[in-house]
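Open the model in your viewer and switch to a cartoon view. We will go from stop to stop, selecting as we go.

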Amino acid sequence: MKILLVEDNEDIREGLTDLLESEGYSVAGSGTAEDGLALLRRESFQLVITDYMLPGENGGWLLEQAAREQRLHGMGAMMITAHPRVRPPDGVRLMHKPLDIDDFLRVVGESLTCLRATG
C-alpha cells in the first residue's frame, strides 16, 4: 500500500514516514499542497494524508483540486490539523493534532481496509 504524506514540518513528516514504513506501508512525502498535487499527477497511491495548514495552498485545496482532476478515484484521504474549526471535504477523515499514534494507525488501517472492501 502506497501513501502520499503532505506535511510541511519536516520533523513531523519524517516521524510519520518512519512510523508508517515500520507498519509496512510505502510512503512518498511532500512539504506543500502544490508538490503533493504534482505527485498525485505522476504516481498512484492508495491513501493521501495531508496537513491542513501548509505554505501556499492548504490541504483542503489539495484534496479538492485532486478530486476535480479525478485523481482521488479509488483512493482514501485523511486530513490532520491543529485547528479546531477545520471542515474537511466530503469523504475525508479528519484527525486533530497532537496525534495519538495508536488512533492514527487505526484510522490509516481502517481507511485502507474500506478501500480494499469497496475496490
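Leaving aside neighbours within four places in sequence, which residues is Phe 45 in contact with? Select Phe 45 and look around: the contacts are Lys 2, Ile 3, Leu 4, Ala 28, Leu 39, Leu 40 and Met 75. Keep in mind that this is a predicted model.

The charged end of Lys 2 sits over the ring of Phe 45, 5.1 Å from the ring's centre. Now search for aromatic pairs: the structure holds 0.

Next, the core. Select Leu 4, Leu 40, Phe 45, Val 48, Leu 63 and Leu 72. These have the most contacts inside the largest nonpolar core, which has 19 residues. Two or more residues come from each of β1 (2–6), α2 (33–42), α3 (59–68) and β4 (76–81). The top giver is α2, with 4 residues.

Now colour the strands. In what order do the 5 strands of the open sheet run? The order is β2-β1-β3-β4-β5, with parallel pairing. At the edges are β2 (26–30) and β5 (93–96), each pairing on one side only. Neighbouring strands are turned by 20° against each other on average, direction ignored.

Zoom in on β1 and β3 (residues 47–51). They pair in the parallel sense over 4 bridges. Find Val 6: it stands opposite Thr 50 in β3.

Last, show the helices. α2 packs on the sheet and touches β1, β2 and β3. Its direction makes about 160° with that of β1. α3 also packs on the sheet, touching β1, β3 and β4. The direction of α3 makes about 150° with that of β3.

Notes. Residues numbered from 1 in each chain as written. Predicted model: local features only at pLDDT ≥ 70, side-chain atom pairs only at ≥ 80, totals over all residues. Heavy atoms only, no water. Core = buried A, V, L, I, M, F, W, Y, C linked by side-chain atoms within 4.5 Å. Buried < 20%, exposed > 50% of the residue type's maximum accessible area, 1.4 Å probe, protein only. Contact = heavy atoms within 4.5 Å. Phe/Tyr/Trp six-rings, centres within 6.5 Å; stacked < 30°, edge-to-face > 60°. Lys NZ or Arg CZ within 6 Å of the ring centre and 35° of its normal. Pairing = 2+ DSSP bridges. Axes fitted to C-alpha atoms, helices over the stretch in contact; angles between N-to-C directions.
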